[in-house]
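Here are some notes to read alongside the model.

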Amino acid sequence: MTVHFNKLLNLFGNMFDERRQSRQSQDYSVSNDVLDTLSDIIEGGIEKLNKIIVTNLLLVLLKAKKELDEAIDKENPVEESDINRLPYLQAIIKETFQMHPAVPLLLPCQKDRSIWNNLNSFIPERFLGSEINVKGKDFGLIPFGAGRRICPRLLLANQMLHLILGYLINCFDWELEGEISPNDMNMKEKYGIAVQMVEPLLAILILV
Ligand code: HEM
């Protein structure tokens, strides 16, 4: 398995190098696809992105698309009954909750380094084959809280996240909104009752 992943990472690494090389040429026209966007961010120096992070991000997206392709027909929305057959999508949502909890101030246990390794890396695989869920029993992952004050709409909200994210990945490709320069993309969060992006992300979708 690791060998296959390494091959894919190498492939993505080569694509990334080729793209960055062709961006040097004068007649290169920017396409604002995912590679251009990530390269722009790196060159803009806004985020601490590098080749390793970019290739791993591409791998996560590819695996999610592949899982959706196999589990449901392309261009079809994800149904409630599909969610159990989409462990990688579930893992992506758990990992996103772990990295960017929506109600961060209530949830200090999630950043406990004695529970999680590589806290700053996005690694959905850590949840594959694991029994950890968001229902308030595993204190390393409690995006909906725990105990008597646990979010009463946990099940509804969690299901909706899977349906919406699965649909967005399965039915569309994504580009940054034309007039926004990728250099202006700001991934910083601001804290309030719920976490928000400092600047909301503007993206346009393309039918696949
Ligand atoms: C991704 C979506 C959501 C997240 C991450 C989330 C997270 C949370 C968290 C962390 C708490 C505090 C738990 C505590 O104090 O320990 C909470 C409370 C609450 N949530 Fe949610 N929630 C979400 C969606 C929703 C939705 C869709 C509803 C209603 C339709 C809802 C209704 C409530 C209510 C009423 C409380 C207060 C419960 C109480 O204090 O007894 N939440 N939520």
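1. A nonpolar core is a set of buried Ala, Val, Leu, Ile, Met, Phe, Trp, Tyr and Cys residues joined through C-beta atoms within 7 Å. In this predicted model, the largest such core has 13 residues. Those with the most contacts inside it are Ala64, Leu89, Ile92, Ile93, Phe97, Val134 and Leu141.

2. Two elements, helix 3 (51-71) and helix 4 (87-99), each give two or more residues to this core. Helix 4 gives the most, with five residues.

3. How do helix 3 and helix 4 cross, and at roughly what angle? Their axes come within 8 Å and cross at roughly 140°. Angles over 145 degrees would count as roughly antiparallel, so helix 3 is oblique to helix 4.

4. On the helix 3 side, Val60, Lys63, Ala64 and Glu67 take part in the contact, and they meet Tyr88, Leu89 and Ile92 in helix 4. By type, the residues of this contact are five nonpolar, no polar and two charged.

5. UniProt, in an unreviewed entry, places the feature "binding site" at Cys151. Cys151 lies in the loop between helix 4 and helix 5 (154-171).

6. Is Cys151 buried, partly exposed or exposed? A residue needs 20 or more other C-beta atoms within 10 Å to be buried, and 12 or fewer to be exposed. Cys151 has 18, so Cys151 is partly exposed. Apart from neighbours within four places in sequence, Cys151 is in contact with Phe144, Gly145 and Ala157.

Technical notes. Residues numbered from 1 in each chain as written. Predicted model: local features only at pLDDT ≥ 70, side-chain atom pairs only at ≥ 80, totals over all residues. Helix = DSSP H or I, 4+ residues; strand = E, 2+ residues; numbered from the N terminus. UniProt positions renumbered as here; feature names shortened; annotations may be inferred. Contact = placed C-beta atoms within 7 Å. Axes fitted to C-alpha atoms, helices over the stretch in contact; angles between N-to-C directions. Parallel < 35°, antiparallel > 145°, perpendicular 65-115°, else oblique. Nonpolar A, V, L, I, M, F, W, Y, C, P; charged D, E, K, R; others polar.
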